[in-house]
Amino acid sequence: MYTMYRLVVLWLLCVVASSKDFREEFRFASYYGDHMVLQKAPEQSVLWGYGSDGAEVIVSLEGEQENRKHSVLVQNGLWRVALDPVKAGGPYNVTAVQQGKNITWVTLTDVLFGDVWLCGGQSNMLFTLSQVFNASEEQAMAPKFPHVRIFMAALELSSMELLDLPRVEVPWSIPSAELLGGPKFTHFSAVCWLFGRYLYKTLGYPVGLVESCWGGTPVEAWSSHRVLQKCGLENQNLRHPYFSLNETKRNNSVLWNAMIHPILNMTIKGAIWYQGEDNTAYHQDKYTCSFPAMIDDWRMSFHEGSGGQTPPDFPFGFVQLCTREKNSTDESFPNVRWHQTADYGFAPNPCMKRTFMAVTLDLPDEGSPWGSIHPRNKQDVAYRLTLGARAVAYGEKGVSFQGPFPVKVLLKGDSINITYTKSVSVSRSKAIFEICCTKVKNNCASNEGWVPAPIMHWGLSYIQVSVAQCQNIVSGVRYAWRDWPCDFKACPVYSADRVLPAPPFIVNRWP
């Protein structure tokens with residue numbers, strides 16, 4: 001027993017000593033590297049790393065734009081500087097020199113300045129480019145976009161907030177068919193890559209993509225204790241009918257701790273997010289709180305972590321859930337789609353400002369080899385996200401990024417008139433609209449009492465549906481409130497140019 005005790009003590013001493021040596025080694029933090037993209041002006045990029053206590057570190061930038069040297073002292077084994085704002089372009093060399101008896105230096109080469117976007121979520125964000133439709137063609141295009149750079153955090157979890165990433169899956173890299181075509185659900189994210197590629201074609205300057213996601217994870221795992229406390233979820237680990245006890249990646253905050261908190265010092269332009277499937281069976285009713293709260297908390301945390309450089313309201317795009325099971329009557333998917341918008345039905349909204357949403361309920365894929373919950377058409381998903389980014393993040397005028405949404409619902413006689421925010425393209429349907437029929441004036445929240453409301457007429461920006469099947473009180477109306485409401489790009493209501501589908505909605509007459 002005594003021998004075992006000595007071995008444990010010796011092991012702990014070795015761990016502490018090696019950890020101390022590792023920190024004193026002069027270097028950049030884990031997510032800096034050759035070929036990286038740093039956030040361009042007007043924001044300042046933050047650089048930090050490890051060194052010897054008390055030593056002076058001088059950081060300089062060599063390239064097309066003159067930039068003064070920055071000097072800082074190492075404190076508690078860490079150094080940190082904010083560069084002067086640098087306009088989009090490059091390449092640059094970034095050199096950090098530690099002064100002292102033995103001068104040491106580290107240089108990052110081929111560094112570009114542009115916009116840095118974080119890509120988070122679960123398996124549909126992790127879904128690799130090699131898995132999409134026309135995968136070989138998509139992969140072959142990679143070398144044509146050398147100024148869209150990629151980085152991926154490794155899958156790690158932690159019970160406490162970490163300072164730095166424990167591991168890196170894909171260091172900053174120039175895209176190649178091999179890197180983007182990794183094995184399924186590994187690297188690199190199809191949605192993230194396509195979003196960056198489409199965005200680059202609009203912006204014309206470098207784009208950096210930082211992927212940090214993990215399949216089969218709920219929003220709670222990506223949220224700090226502040227979010228969990230706000231939404232009454234702080235003591236709610238693993239109460240899920242389908243989770244085994246060893247699936248700790250689903251525990252509260254474990255991915256926030258290991259895969260988001262370590263990159264908070266990074267200056268970013270914005271984030272995109274594809275998640276929610278896991279929460280259709282886990283705290284579904286809380287998602288209307290937890291998701292908006294997570295966005296707010298990420299914004300605050302990145303703003304503070306970057307020393308005020310990342311805007312406190314940075315743009316946040318997300319994908320509204322696609323589909324899972326054809327002919328299903330289960331309402332978990334439509335419920336979470338609604339909760340993804342904080343129960344407004346559209347984004348941005350008063351609770352989720354500076355957000356944008358890609359509606360995807362019209363992109364089902366019954367034949368997906370990875371299950372219909374993982375549709376292969378990620379091109380349209382990324383394109384719709386790009387439209388939102390252009391409008392919300394970049395303020396581009398005249399970019400349509402939202403499908404039609406009701407602004408007025410009027411019950412008159414045997415019909416309901418629904419007026420939309422914009423012109424609509426409509427095809428007939430007997431069941432995509434439903435009305436709730438009740439004997440008393442009551443809220444319609446469950447699956448009971450809903451009957452089809454066939455489309456009767458439509459005009460430039462309105463649709464008229466029949467309520468003839470209701471012999472009692474019409475208490476509500478809803479649209480596309482199903483797991484799988486329509487076939488591929490065949491929903492009944494689109495924007496006039498048929499590019500953007502109308503999102504689902506529900507209106508209760510007696511809220």
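Start with Arg 354, which sits in the loop between helix H9 (332–339) and strand E14 (355–358). Keep in mind that this is a predicted model. Check the backbone of Arg 354: phi is near 55°, a positive value in a residue other than glycine. Most residues other than glycine have a negative phi, and most peptide bonds are trans. Is Arg 354 buried, partly exposed or exposed? Its relative accessibility is 29%, so Arg 354 counts as partly exposed.

Next, select Lys 489. Look for this residue in the loop that runs between strand E22 (473–479) and strand E23 (493–495). Lys 489 is not a glycine, yet its phi is positive, near 50°.

Select Ala 41 and Pro 42 together. What kind of peptide bond joins them? The bond is cis, with omega about 15°. To place Pro 42, show the secondary structure: this residue lies in the loop between strand E2 (37–39) and strand E3 (46–50).

For the last stop, select His 187 and Phe 188. The peptide bond from His 187 to Phe 188 is also cis. Omega for this bond is near 0°.

Terms used: Residues numbered from 1 in each chain as written. Predicted model: local features only at pLDDT ≥ 70, side-chain atom pairs only at ≥ 80, totals over all residues. Heavy atoms only, no water. Helix = DSSP H or I, 4+ residues; strand = E, 2+ residues; numbered from the N terminus. Buried < 20%, exposed > 50% of the residue type's maximum accessible area, 1.4 Å probe, protein only.
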